[in-house]
Amino acid sequence: MPAMTRVLGALTAAYSATIIAAPRVLAKPCGLTTPTGGVSSGVRTLIGGIGARDAAIGLAMVFAPAGRPLQVALAARVASDAADALVFGTTLPDRTARKKVAAFAVAWASLCAVSAAVR
């Protein structure tokens with residue numbers, strides 16, 4: 001588990017830092033940009049919170065000791081992605097965005113879950 005899980009954690013942390021710095025990276029595929037392509041302060045706040053949560057989990061996946069601590073970090077990642085799939089997949093204003101974002105979240109949750117079995 002550790003090698004693949006740690007790589008996925010690093011990718012999660014990097015993407016999370018990206019969306020904190022540039023919320024449009026997540027807002028656009030979610031259909032949450034303004035008509036001019038900007039990001040409102042409310043959406044910026046929401047994405048910053050998601051990014052902070054995911055950065056913490058990603059870093060835990062990278063640095064947690066093998067065994068139970070790493071399993072807990074990985075479970076948090078899978079649970080967060082599953083929750084994102086449910087919430088975004090049922091509440092985003094644009095139906096196409098709902099499907100796309102939910103599919104991505106399910107795929108990432110699945111990939112992270114699979115990493116538990118890969119050596």
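Among contacts in the protein chain between residues at least 6 apart in sequence, what percentage join residues at least 24 apart? The value is 67%, with contact meaning heavy atoms within 4.5 Å. Everything here comes from a predicted model, where local features need pLDDT of at least 70, side-chain atom pairs count only at pLDDT 80 or more, and totals for chains, interfaces and linings use all residues. Residues are numbered from 1 along each chain as its sequence is written, and side-chain values use heavy atoms, leaving out hydrogens and water.

**View 1. The fold of the protein chain.** Helices (H or I, at least four residues) and strands (E, at least two) are DSSP runs, numbered from the N terminus. The C-alpha trace spans about 45 × 25 × 15 Å along its principal axes.

**View 2. The largest nonpolar core.** A nonpolar core is a set of buried Ala, Val, Leu, Ile, Met, Phe, Trp, Tyr and Cys residues joined through side-chain atoms within 4.5 Å; buried means under 20% relative accessible area (1.4 Å probe, protein chains only). This core has 13 residues, and A27, C30, L32, V43, I47, F88 and L92 touch the most other members. At least two of its residues come from each of α2 (24–30), α3 (41–63) and α5 (95–115).

**View 3. Around F88.** Setting aside neighbours within four places in sequence, F88 contacts C30, I50, R98 and V101.

Note on methods. Buried means under 20% relative accessible area, exposed over 50%, partly exposed in between (1.4 Å probe, protein chains only).
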